[in-house]
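We will go from stop to stop, and at each one you select something and look.

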Amino acid sequence: RVYQRVHFRKNTNVSCSESKTQFCDPKSYVKAALYIHRANHSQFNTVWGIYDFPWPYHIFSNTAAHLSGEEQRLIAQTYVSAFLDSTLQGDKRYVQLFRDYRLIEHWLPKTAYISRFQDSTFRAIANFDEDIDPETATVAGGRIIGKNLSHWHEEDIDYHYYLPYGSRSNRVVSISWDEQEENTPFFGFLLPEKGVRTWKLRPTNKFVFSIACPDQQMPPDLTIEMIDSSGKVSRLGLSDVYPLKPPLHSRLTKISFLEEPSPVMILQTVAIPLSRFLPAKSSLDLAKLREVNFRFDNGGSGKVLLDDIGFD
């Protein structure tokens with residue numbers, strides 16, 4: 001909920017010398033979140049011990065799979081110091097590790113990580129917070145389309161029993177599809193011509209979205225498709241840049257009849273440089289970009305959650 005409550009003002013990047021371009025300010029502000037599988041609250045310091053709950057509740061706590069306190073504090077030292085250096089000291093070398101934890105995975109304790117990231121240059125195509133109409137995009141004049149899908153609706157990401165006030169205040173779009181032989185399921189966006197022209201997209205900009213695969217043991221592969229107003233098409237398989245991992249599960253208690261392992265519903269932010277859609281033979285014109293689609297062409301059925309789709 002804290003991550004969702006942080007918003008950037010429209011005039012955040014006022015120091016930009018190229019005032020006509022919304023992507024030109026290197027002094028952007030950032031927000032970041034990191035989920036650490038098998039960590040708990042108490043072991044980020046050396047005083048509270050291994051238990052998150054007091055006696056007698058802690059006798060039911062499942063602590064067997066916890067990371068050690070030393071491991072948790074190493075992660076905290078790495079990320080907190082990097083965040084302070086990048087935001088307060090202006091050292092932008094560290095920003096990339098918030099975009100993609102895999103850059104420093106070999107430094108970190110062995111466990112699973114999920115990260116979310118956004119900076120103040122982000123321009124949303126859709127964040128699903130504007131209304132309840134599933135065809136309405138966040139960007140003015142944009143429209144959402146879906147074809148050959150079995151299910152498609154907006155929802156709050158989940159309602160978890162261990163969050164005291166329920167909702168995380170994070171609306172997403174939930175998309176599911178069945179196995180099809182001929183018609184490829186896809187979910188996409190028709191972009192407004194004026195908006196794309198204002199964005200002044202360049203190969204160094206990034207296509208950004210957050211994704212989770214809540215149900216499947218093996219998450220589906222998918223293809224990201226971009227089409228310009230001349231009909232030129234460029235496609236990129238997500239597994240070529242960011243292979244999705246199976247969903248994580250947590251068990252907070254050691255007594256199985258008290259609790260079934262529950263899926264960890266955390267979105268992973270993916271950022272793909274637009275240059276990846278411009279290989280040598282591609283003639284896609286970013287200035288005339290008209291469609292961005294997620295094609296679920298793996299041949300099977302599946303389900304994904306998507307949020308915060310746009311460019312930065």
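Start with a term: buried means under 20% relative accessible area, exposed means over 50%, and partly exposed lies in between (1.4 Å probe, protein chains only). This is a predicted model, where local features need pLDDT of at least 70, side-chain atom pairs count only at pLDDT 80 or more, and totals for chains, interfaces and linings use all residues. Residues are numbered from 1 along each chain as its sequence is written, and side-chain values use heavy atoms, with hydrogens and water left out.

**Stop one: Gln118.** Select Gln118. Is Gln118 buried or exposed? At 12% relative accessibility, Gln118 is buried. Gln118 sits in strand 2, residues 113-119. Strands (E, at least two residues) and helices (H or I, at least four) are DSSP runs, numbered from the N terminus. Now show what touches Gln118. Contact means heavy atoms within 4.5 Å. Setting aside neighbours within four places in sequence, Gln118 is in contact with Tyr3, Phe8, Tyr29, Val30, Lys31 and Asp308.

Asp308 belongs to strand 15, residues 302-311. Asp308 is buried, with a relative accessible area of 10%. Check its backbone: phi of Asp308 is positive, about 50 degrees, although Asp308 is not a glycine. Most residues other than glycine have a negative phi.

**Stop three: Lys200.** Select Lys200 next. Its phi is also positive, near 50 degrees. Where does Lys200 lie? Lys200 is in the loop between helix 4 (193-199) and strand 8 (206-212). With 37% relative accessibility, Lys200 is partly exposed.

**Stop four: Trp55 and Pro56.** Zoom in on the peptide bond that joins Trp55 and Pro56. This bond is cis, with omega about 5 degrees. Most peptide bonds are trans. Pro56 is in the loop between strand 1 (30-36) and helix 2 (69-87).

Switch to cartoon view. Find the open sheet of five strands, in the order 4-7-14-9-10, with antiparallel pairing. Two strands pair if DSSP finds at least two bridges between them. Strand 4 (143-147) and strand 10 (233-237) are at the edges; each has a single partner strand, so one side of each is left without a neighbour in the sheet. Neighbouring strands here are turned by 20 degrees against each other on average, direction ignored. That angle is taken between axes, which are lines fitted to C-alpha atoms, and angles run from 0 to 180 degrees between N-to-C directions.

**Last stop: strands 7 and 14.** Select residues 186-190, strand 7, and residues 289-295, strand 14. The two run antiparallel, and five bridges join them. Finish on Gly188: its bridge partner in strand 14 is Asn293.
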